[in-house]
Amino acid sequence: GGQQRAAISRATLKQQMRKRQIYYDLLHHPLAGPMWIASTAAGICLAKFSERTPFEIEEFLKAQQPEAWIVRDKNATATIIAELRDYLQKRLTQFSTAIDWRFVPAGFKREVLQVVSKIPYGQVCTYGEIAERLGNPRAVRAVGQALGANPIPIFIPCHRVVASNGKLGGFAAGENLKRRLLALEGVRWPNVTKQLDLFITV
């Protein structure tokens with residue numbers, strides 16, 4: 001009895017520890033510059049274009065989840081970083097990496113990013129289409145704000161959302177990088193209309 005209970009409590013503790021672990025590492029690529037990647041047992045939770053130091057990244061993650069156990073670990077992030085590198089070198093068009101939504105609060109922002117996560121490689125849609133899709137056609141600005149707060153760009157491909165007037169629209173890491181990512185995917189974005197329904201049928 002006692003040994004069994006101890007084994008169960010050890011297993012429970014191990015499970016809780018695993019949920020709290022956040023691993024991170026740096027990818028430096030000529031197209032995207034320095035990019036910090038953080039992941040958990042559930043998937044990728046952060047992709048940050050940044051010149052920050054490891055200490056600053058750990059502080060940032062700690063602020064998001066104070067109880068987290070944060071470790072820089074090349075092995076734990078290797079698969080995700082390899083996929084990202086393959087994407088940036090035009091060898092990959094679809095990520096197999098799961099998304100961990102822990103840094104995206106439930107509600108409108110998450111709904112926006114969940115729609116955007118379904119936009120496939122080489123396709124674009126407009127801010128207005130996403131607002132319409134979520135039943136609030138006037139919420140175009142709120143859609144833009146949700147995309148601006150996207151903690152996992154590229155994996156949640158907010159660069160594939162453009163303005164209805166044929167302009168690029170904003171991107172947290174700058175319009176130049178947005179343009180380069182769309183060019184990488186072979187996108188021709190002006191005059192985009194009603195693309196969303198073509199690839200999201202649910």
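Guide: Buried here means under 20% relative accessible area, exposed means over 50%, and partly exposed lies in between. The model is a predicted one.

Visitor: By that rule, is aspartate 100 buried or exposed?
Guide: The relative accessible area of aspartate 100 is 8%. The limit for buried is under 20%. Aspartate 100 is therefore buried.

Visitor: With which side chain does aspartate 100 meet in a salt bridge?
Guide: The rule asks for a side-chain nitrogen of Lys or Arg within 4 Å of a carboxyl oxygen of Asp or Glu. The N to O distance in this pair is 2.7 Å. The partner is arginine 102.

Visitor: What is the order of helices and strands along the sequence?
Guide: The chain has 8 helices and 6 strands. Read along the sequence, they follow the pattern α-β-β-β-α-β-α-α-β-α-α-β-α-α.

Visitor: Of the contacts between residues at least 6 apart in sequence, how many join residues at least 24 apart?
Guide: The chain has 202 residues, and 44% of them count as buried. For contacts between residues at least 6 apart in sequence, the share that joins residues at least 24 apart is 63%.

Visitor: Which element holds the salt-bridge partner of lysine 74?
Guide: Lysine 74 meets aspartate 25 in a salt bridge, at 3.4 Å from N to O. The pair links distant parts of the chain, 49 residues apart, with lysine 74 in helix 3 (residues 74–88). Lysine 74 is exposed at 60% relative accessibility, whereas aspartate 25 is buried at 4%. Aspartate 25 lies in strand 1 (residues 21–29).

Visitor: Which residues touch the most other members of the largest nonpolar core?
Guide: In soluble globular proteins, nonpolar side chains tend to be buried together. The largest nonpolar core in this chain has 40 residues. The members with the most contacts to other members are Ile37, Leu84, Leu88, Leu147 and Phe155.

Visitor: Which element gives the most to this core, and why does the core lie between two domains?
Guide: Elements that give two or more residues include strand 2 (33–40), strand 3 (43–49) and helix 4 (108–116). Domain 1 (10–89) and domain 2 (105–185) both give residues, so the core lies between them. The element that gives the most, with 5 residues, is helix 3.

Visitor: With which residues is leucine 84 in contact, its neighbours within four places in sequence left aside?
Guide: Leucine 84 is found in helix 3. Its relative accessible area is 0%, so leucine 84 is buried. With those neighbours left aside, the contacts of leucine 84 are Leu27, Met35, Ile37, Phe95, Ile154 and Phe155.

Visitor: What is the phi of isoleucine 154?
Guide: Isoleucine 154 lies in the loop between helix 6 and strand 6. Isoleucine 154 counts as buried, at 1% relative accessibility. Its phi is positive in a residue other than glycine, near 75 degrees.

Visitor: Is lysine 90 buried or exposed?
Guide: Lysine 90 lies in the loop between helix 3 and helix 4. Phi of lysine 90 is also positive, near 60 degrees. Its relative accessibility is 56% and the limit is over 50%, so lysine 90 counts as exposed.

Visitor: How many disulfides does the count come to?
Guide: A disulfide is a covalent bond between the sulfur atoms of two cysteines. Cysteine 125 is buried at 0% relative accessible area, and cysteine 158 is buried at 6%. The count of disulfides comes to 0.

Terms used. Residues numbered from 1 in each chain as written. Predicted model: local features only at pLDDT ≥ 70, side-chain atom pairs only at ≥ 80, totals over all residues. Heavy atoms only, no water. Helix = DSSP H or I, 4+ residues; strand = E, 2+ residues; numbered from the N terminus. Buried < 20%, exposed > 50% of the residue type's maximum accessible area, 1.4 Å probe, protein only. Contact = heavy atoms within 4.5 Å. Core = buried A, V, L, I, M, F, W, Y, C linked by side-chain atoms within 4.5 Å. Domains from an automatic or database assignment. Disulfide = S-S within 2.5 Å.
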